[in-house]
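Let's take a friendly walk through how the chains of this assembly meet. Have the sequence and the model open beside you as you read.

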Protein chains: 4
Amino acid sequence: MLNMLIVGASGYTGAELALYLARHPQMNLAALTVSAQSADAGKLLSELHPQLKGIVDLPLQPMDDVSTWAKCADVVFLATAHEVSHTMAPQFLAAGGVVIDLSGAYRVNQADFYTQYYGFEHQHADWLDRAVYGLAEWQEEAIKTAQLIAVPGCYPTASQLALKPLVAGGLLNGEQWPVINAVSGVSGAGRKATLGNSFCEVSLQPYGIFTHRHQPEIASHLGIPVIFTPHLGNFARGILATITCRLRPGVTQAAVAASFHQAYDDEPLVRLYDQGVPALKAVVGTPFCDIGFKMQGEHLIVVAAEDNLLKGAAAQAVQCANIRFGYAQTQALW
Amino acid sequence: MLNMLIVGASGYTGAELALYLARHPQMNLAALTVSAQSADAGKLLSELHPQLKGIVDLPLQPMDDVSTWAKCADVVFLATAHEVSHTMAPQFLAAGGVVIDLSGAYRVNQADFYTQYYGFEHQHADWLDRAVYGLAEWQEEAIKTAQLIAVPGCYPTASQLALKPLVAGGLLNGEQWPVINAVSGVSGAGRKATLGNSFCEVSLQPYGIFTHRHQPEIASHLGIPVIFTPHLGNFARGILATITCRLRPGVTQAAVAASFHQAYDDEPLVRLYDQGVPALKAVVGTPFCDIGFKMQGEHLIVVAAEDNLLKGAAAQAVQCANIRFGYAQTQALW
Amino acid sequence: MLNMLIVGASGYTGAELALYLARHPQMNLAALTVSAQSADAGKLLSELHPQLKGIVDLPLQPMDDVSTWAKCADVVFLATAHEVSHTMAPQFLAAGGVVIDLSGAYRVNQADFYTQYYGFEHQHADWLDRAVYGLAEWQEEAIKTAQLIAVPGCYPTASQLALKPLVAGGLLNGEQWPVINAVSGVSGAGRKATLGNSFCEVSLQPYGIFTHRHQPEIASHLGIPVIFTPHLGNFARGILATITCRLRPGVTQAAVAASFHQAYDDEPLVRLYDQGVPALKAVVGTPFCDIGFKMQGEHLIVVAAEDNLLKGAAAQAVQCANIRFGYAQTQALW
Amino acid sequence: MLNMLIVGASGYTGAELALYLARHPQMNLAALTVSAQSADAGKLLSELHPQLKGIVDLPLQPMDDVSTWAKCADVVFLATAHEVSHTMAPQFLAAGGVVIDLSGAYRVNQADFYTQYYGFEHQHADWLDRAVYGLAEWQEEAIKTAQLIAVPGCYPTASQLALKPLVAGGLLNGEQWPVINAVSGVSGAGRKATLGNSFCEVSLQPYGIFTHRHQPEIASHLGIPVIFTPHLGNFARGILATITCRLRPGVTQAAVAASFHQAYDDEPLVRLYDQGVPALKAVVGTPFCDIGFKMQGEHLIVVAAEDNLLKGAAAQAVQCANIRFGYAQTQALW
């Protein structure tokens, strides 16, 4: 049994991670921590997330000295703020553990990316070099030997799973940038009190137009520019991305279908639609990313849907852990 | 034209009041104020409530010296916290204005009520004596000459409109207390950032069991004890109260119906159902309280529904103003 | 007072029309009709739409002989199926009334449009020639003398109000088609029982990709091709359209802003945002279309929001009637 | 491995049952059937419930001859209409299988119950005698040897789990009937197209006041009369029951708590709250029934919450199967 530690376990992603680990036959949820300053320190996880009562009744222990916690865990999930992961990951790594980071701190290996988009200077270029981007379906070999896995953000997971087969197959017209319109549930903003996330204030609206930091994460890993427009939706969970692309002249429907099937036919957590496109309800509460598409002439619309907290966070993190340690990718995920 | 001032105008009730006054042919919305400490001071009301853009673009002016503001208004609506209303109402009254208070500060004329339920000692027993409780359908004559009108809370309005005809007619069995189960929309908690009101945290749940201060407000004005169990519902607006009563032996369905018809047939803002009971959708966005009932033997279930921000707050406040100044009760309300 | 008739009044649009007309000072809601075969014939409108109880308690009369009904109305609103409007409009027009048609039957003056997209052969080319497309802000002069006004669909209203200033100003790059991603509330599908619209089945999803008939309506009236992808949203009312365009090289932010201000500064029912873009909550329950935009280089994203039943249907229909008869455009609309 | 058959598998309960059985280590989901007349016959379950794609892709086979299907199954779950279960259960039982019936057809062993509340004459008094009511926490011994298990309805499960310890302990005042106010998600009405369940029509409302057939089911099994008022809530899943009781004089808080702890401390699927009462979100998606209570003098309010499709249907059915065949009660349930 592997001993697993979740750091920053009080949020929505932490709760989902804990549930998966609680039912994983080869993993033992050793402990949960939160910032020592958190008002939640000392509480049971199931006090914050009552659905876990009787399933995960572990306390949220105050995170003090990393070295103490490093000893008790083979694998550390960091469900922490970017700056916290940035600092803590090397500490856990130095102690020999495998770190699966759900923040943005090790996702893009570019010198000025963090200065520009995250507002801090990255101090750990060595680990940035060695980090493996945890887009599981495309990094399986690298994940198997990774010590640091940087799990992609929720929007980037859906967007890249939808576009990567087309880019890999050279099917897209380089003159026109793919237009990614994506709508996310409110849980994507985290578990906290803000006026903007209060029940009466939430309604469908775009935000971060041209400025959201998932845009450069997507573009960097795809290798092509994209227009990315995120929206807040009036639902708790899920992401639906509608992506409008221009194909190179002459690309056939069969070629598009083949690129998706080649990429995902052997992947248990991406579900391709031979007909139609996914609705959000198909994926909420599941670990899958569902993908469908429609074509008309050179115009292609790809629709990808996932649960932002699961395939967009906790499920993909556990999927990476399963791959890393040789278990079935879907172990504990449904 | 009467000049109207809304104090504490930044919240959901303030926005609804402003909309009504903006379309009232005999009332002029002179100004809006908020606490001088509020981060909203200086903003337009329509920046906070974008649906009002182009309709009410007045600024939220910082509230400093009451006497200055008293001069510009014939009528003051206090959409303020209880303690603020408690202090400010006498100041405006001293300047000669009519005050319509939407807080709880002048609703119950009992010495220790405020100490026990609101946590402050009431300093204005004289005004408490003179305040008229603005349950409009039952206080019409008193409202016509009132200088201070204390508009009932949202739960008490629905609960009392449902029960008062039965109490007045002596139809209830005194041995068993009416059981009021009511569900309110999240807007009832006000416009503010709290974890409990955040989108992902809201779900149907009871709160304040045996301890909510609307219970003594209801019991005091009805003159009988009641069991009152409020619930938070997963919707923005509206209250639905399901009230289970025991009738005195021998009370007929016709007698119950007659008590309601006698009370409300001439009242334009209470709608009686001859068949069935109201659903929440019947009243959201409207100034009405809808009432229906079912009987079986001595058991009676009365269902009352209203928009908590309208008949439960802003609409009843304007209804009181209309009565006070001799306009049609429904003026500007739809 | 003008006498107004609503044909096909049982649906959500009919209810909104009836409410507007009930409070219009220069219009009299003379009668409501439904198909003689409808199970709703004979019921009060307020039985179907209980929020209207006490406001519009008129019966839904069975529609039999058009000539009888034509006599009682100066203006006829057709809130009927396309095929029904197609047949009935000429009958009412022959009797001399003004017809405001909310269906698609007279929106596009092209020979084969109805064959291709609506599945019927259009029989009334003469009236198709004379029909005025009721996109109110752009057709004001023509509406003033129109006998037949074809009110645009909900998606086309938002899409065209957002794009028409840019097309008129010659600001768009002709090489790339605007990408319109729009999400509509479930009420857009009408008041009827279908599995797809049942509460537990609704979730965010695209539909009608490349095949929705609002695409050719939009493209035809704009005069440029567009990609239009409609989505069903998990809310009752409203449309939010996020439109991604490519500008001609050198077009400045000031030029884009100027095109919008020139088009709408004098229009009371389009609200421009100098900063930010609209959220759905800004428009639900209001007669407005709200528009904002963001630019980055040659990329422009315009966001338009409206209530699909109001500016997308009933409010625009009444706006057209107000223009036609010389009343303030906003009369009765808020 | 036990072979399991789900009859009437197309609905929401069928989908949940299929998911549980797909991950049950000792049970094999052998087949799914629907009525031969159903439009869904021949489709995959995952076409109707896309969240199951890749997990349960079995077809919905047309149900013709019971004897054929009886051969392939050790256990039959009947997720069918009451009349269908009434007829089919004896056929499967005659073939030797264990039948777990989720309909109401075998829940109450009273001669005239079905005539009065279900509208049909019960033809199988012998099986009615032998049926075990599957309220799992109270029938564990009987379930272990049952051939026919009649799983309680969703409202009765929550209501009885909340009240049974009080009745068993003799704590309730016999003069006053418990008042059960319960709110259910729309999925309780089943997967079908009705106007009342359409997205735009659903809002919080009581229904079936004094007439719902779960009232006599509850009263019959509790052995005391109750007032039961069900409500439709504006959410897909879950039931919250707020139950107001009168205690016998002198009953202490400790006595109430003791009655609950004695009943449920060893029961893994009932979670007691030492403080507070449950919110709906605590149970949605889980197999638990959560219970909390508050007292004031002789007044007691018990709140019970469950997922209507899980502890109120599919999870309790699988819990009964687990008990029947000697597996852990929670096997496959989370």
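## How the chains meet

The copies meet through the same surface, because 100% of the interface residues of chain B are also interface residues in chain C. Contact here means heavy atoms within 4.5 Å. Please keep in mind that this is a predicted model, in which local features need pLDDT of at least 70 and side-chain atom pairs count only at pLDDT 80 or more, while totals for chains, interfaces and linings use all residues. Residues are numbered from 1 along each chain as its sequence is written, chains are lettered from A and ligands numbered from 1 in the order in which they are written, and side-chain values use heavy atoms, with hydrogens and water left out.

How are chain B and chain C related? Chain B can be laid on chain C by a turn of 180° and a shift of 0.0 Å along the axis, with an RMSD of 0.0 Å. The two copies are thus related as by a two-fold rotation axis. The superposition is by least squares on the C-alpha atoms of residues with pLDDT of at least 70 in both copies.

**The interface of chain A and chain C**

Here 34 residues of chain A are in contact with 34 residues of chain C. The two chains bury about 3000 Å² between them, 66% of it on carbon and sulfur atoms; buried area is the accessible area (1.4 Å probe) that two parts lose on being put together, summed over both.

Between chain A and chain C there are eleven residue pairs in polar contact, both residues at pLDDT 80 or more. A polar contact is a pair of N or O atoms within 3.5 Å; within protein, one must be able to donate a hydrogen and the other to accept it, and residues adjacent in sequence count only if both atoms are side-chain atoms. On the side of chain A that touches chain C, the elements giving two or more residues are β8 (179–184), β9 (205–206), β10 (227–232), β11 (239–246), β13 (289–296) and β14 (299–306) of chain A. Strands are DSSP runs (E, at least two residues), numbered from the N terminus.

**Salt bridges**

A salt bridge is a side-chain nitrogen of Lys or Arg within 4 Å of a carboxyl oxygen of Asp or Glu. The whole structure has 44 salt bridges over all chains, and the count between chain A and chain C is two. Some examples follow.

| Pair | N to O distance |
|---|---|
| E201(A) and K281(C) | 2.9 Å |
| K281(D) and E201(B) | 2.9 Å |
| K281(B) and E201(D) | 2.9 Å |
| R246(C) and E298(C) | 3.2 Å |

For accessibility, buried means under 20% relative accessible area, exposed over 50%, and partly exposed in between (1.4 Å probe, protein chains only). K281(D) is partly exposed at 26% relative accessibility, whereas E201(B) is buried at 8%. In the salt bridge of K281(B) and E201(D), K281(B) is partly exposed at 27% and E201(D) is buried at 8%.

R246(C) is buried at 18% relative accessible area, while E298(C) is partly exposed at 27%. Elsewhere, salt bridges that share partners join D40(A), K43(A), R191(A), E201(B) and K281(D) into one network.

Key:
Helix = DSSP H or I, 4+ residues; strand = E, 2+ residues; numbered from the N terminus.
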